[in-house]
Structure formats: structure tokens, C-alpha cells
Amino acid sequence: MNTEAAALWSSEPGLTQRVAFERDVVAGLSSEAKTLPSKYFYDTAGSVLFESITGLQEYYVTRSEIGILSDFGRAIGGVLPSKCALVEFGSGSSRKLRVLLRTASSIEAYVPVDISADFLWADVVKLRRDFPRLAVYPLVRDFTMPFHLPQAISSLTRVGFFPGSTIGNLEPSQAGNLLRHFGGLLGKEAILIVGVDLVKDPQTLTNAYDDARGITARFNLNLLKRINRELDGNFDLGKFQHLAFFNAQQSRVEMHLVSKCRQDIRAAGHVFRFDAGESIHTEDSYKYTVESFQRLAGKNGWSPLRVWTDGLYSVHALALRSSCHVVTRSTAATDGESYESADGYYVPRPAW
Ligand SMILES: C[S@@+](CC[C@H](N)C(=O)[O-])C[C@H]1O[C@@H](n2cnc3c(N)ncnc32)[C@H](O)[C@@H]1O
């Protein structure tokens, strides 16, 4: 790892992640309808389980997206600026970057941003081995929070890359805020390539999140294991059941962990009461049409450029509207609700 990347790597305050996890778990399990944020699925075991999910027959999402990125690779490469830095939000195994690199020769630097620190680091070692000419600057960050991009890419036009249908994990108004946040972070002339899962028949959708081999169930239950390990919890995994279904009204697949009996659970120094049949809502995966996603992007600073689809899944190329990345320093500096983006501009802090 070069020195700059090493500095970025070690600057992540591990304690803060732990404190945020505790705060969110206590708040989520104390609320009347219990919830846990899906970003906490991704400890190292969760990231490995997610990789197994991507190979499942039922999980068409990864297959479709890789198919689109391969089949339309030249066209996708064609919308990228010359000499660009690709910033992947929630990079996981960076598998899709590898597909893009086959046709997109203008990518000079890669900034994988992920919350799953050890998994990211292992991936970066492989990327540096396989692509020695690509400059790689990993960032362990929660991409929903304000952060800075590495100075080393400041001379390159920024391309955001947000595959994996991760945008679907946010409720649409939050997804809109995230698109604005990415605009502020990436700066002028930015392009965003985003993978968006499409509405389809409920059975195909449900199966994708409830596979016959039970890998998605293990992925979901791993969150309780993580709470046991990191927050001194005593969840008995055998007493919770994985549940996934399509909520047509909200256009989302929901994942839950359902208590099989009345039980009291201790975690982070608190006791949480569960009735039999009571659930913890652990993930949403919103499904869009091409048009509904383009509308969302359009309302949040991005103009649709191109879209590629195989009928199941879509990959959108969006261009940042020039009015949407600059808020002048003098205006923003006085409002206390802003932060500085990598290129020195202030952008409004999203209201999460
Ligand atoms: C659905 S996976 C997608 C992985 C990869 N991009 C792909 O397309 O296969 C989501 C990834 O985003 C990461 N992630 C989820 N929420 C995050 C957050 N708030 N901040 C940073 N990374 C996050 C997870 O660790 C995981 O690697």
C-alpha cells in the first residue's frame, strides 16, 4: 500500500463504528416495530456470506448486472470521461470493477469505499496484484456520512460507481438524499453509474431473498451473531427465523428475523422483550421501474444519460447537473449545516 492510501486506511476510528453500532442496535431494538440497519450485515463473515449469495441460482441480481456490464461494456466505457477516477460506494469484492476495466481504459484510479474493513483490505491486496498500474485508494467509510475523497485523485474527473442494487436498501427519499450527497462528493462533471433492480413478479423477487439452500437466512441471522460478539448479546439463533417477502404496496422486498417464542434478549447492557411472532425488520430492497428511478435521479441533481437493461435489472449512467455541485463557500460557510467536499466546495449536509 502506498503511504497516502495507508494513511486513509488507518484514519478510520474503529471505536466510532463500534459506538455507532451500539447506539443503532439499542435504538432499533427499543422501538415499537423493531428494526436494525442493513449496513450492519457487513462484518467480515457477512461480506463472505454476501459473496456466496451472489452465486446463488435464485439471486439473479449479480448475474444480470455482470451480464449488462459485459454486454454493454463499450457503450458504458464510452460515457466515462477521459482520465477519470472511479469511486465505488459499497465496493465489496470489486468484482464489477474488474468487468468495467476490460473496456473502460480511461479509469486511472480506483477508490473503493466500504464499511467492511477487513474484507476491503483483502480485496485491495488482490486488486493491486492483478492491476499494478491502477492506483487504488481504499476508504473504510460509511458512504452515507460526509467524508473526503483522497487528494491524490483531485486532478481526475470523478465517476461514481454504485452497483449491486445497494441503492435499493434505502427508502426512496433517503436514496434521493444519497444521490445528492454523491453529487457533492464527486464534484463537477461527475458521472454516476448505478445498478438498480427492477420491479418484477413477486415470486422471483421473494426467491432471490429466500434461497433454497438457506444462505440468505444465514446472512440475515449473522447480524444477531455480530450483536452477540460485539455487544455482549445472548441471541439464540435457533429461536429466530428468516422471513422475506415482496411488499407490493411499497415496491420492496422486506427481510425480517421473526422470534419463534416469547423471549427476553440481553445486548449492550439492555434487555429487549420479544413476543412470539414479533419481528426485527432487517432490510428493505426497493424495486424501481426505469422511469421511476430516472425521476428520482432527476429530482436529486442527476440527468439520465443512458440506461442499459436485460429486463430484470438496469444500469443507469447519470450526469451531474452543473448547478448541483457548487454551493459557494461564502453562502454555505454561514449556515452551519454544510461540509466541505473534496474539491473545496461546500455542499448542503443531507437530512438523513
Ligand atoms: C449489496 S453489497 C454490493 C457489493 C458490490 N458493490 C457488488 O455490487 O457486488 C453492498 C456493499 O456495500 C457495503 N455497504 C453497505 N452499506 C454501507 C455503508 N453505509 N457504507 C459503506 N459501505 C456499505 C457492504 O459492506 C457491501 O460490501
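1. Helices here are DSSP runs of H or I with at least four residues, strands are E runs of at least two, and both are numbered from the N terminus. On that count the chain has twelve helices and 15 strands.

2. A word on provenance: this is a predicted model, where local features need pLDDT of at least 70, side-chain atom pairs count only at pLDDT 80 or more, and totals for chains, interfaces and linings use all residues. Residue numbers start from 1 along each chain as its sequence is written.

3. Of the 352 residues in the chain, 40% are buried (20 or more other C-beta atoms within 10 Å of the residue's own, with C-beta atoms placed from the backbone).

4. Have a look at helix α3 (residues 44–54) against helix α10 (residues 215–230): they pack at an angle of about 160 degrees, axes 9 Å apart (axes are lines fitted to C-alpha atoms over the stretch in contact, and angles run from 0 to 180 degrees between N-to-C directions). So α3 is roughly antiparallel to α10, the label for angles over 145 degrees.

5. Who touches whom? On the α3 side we have Ala45, Gly46, Leu49, Phe50, Ser52 and Ile53, and they meet Ile215, Thr216, Arg218, Phe219 and Asn222 in α10 (contact means backbone-placed C-beta atoms within 7 Å).

How values were computed. A residue is buried if 20 or more other C-beta atoms lie within 10 Å of its own, exposed if 12 or fewer, and partly exposed in between; C-beta atoms are placed from the backbone. Angles under 35 degrees count as roughly parallel, over 145 as roughly antiparallel, 65 to 115 as roughly perpendicular and the rest as oblique. Two residues are in contact if their C-beta atoms, placed from the backbone, lie within 7 Å.
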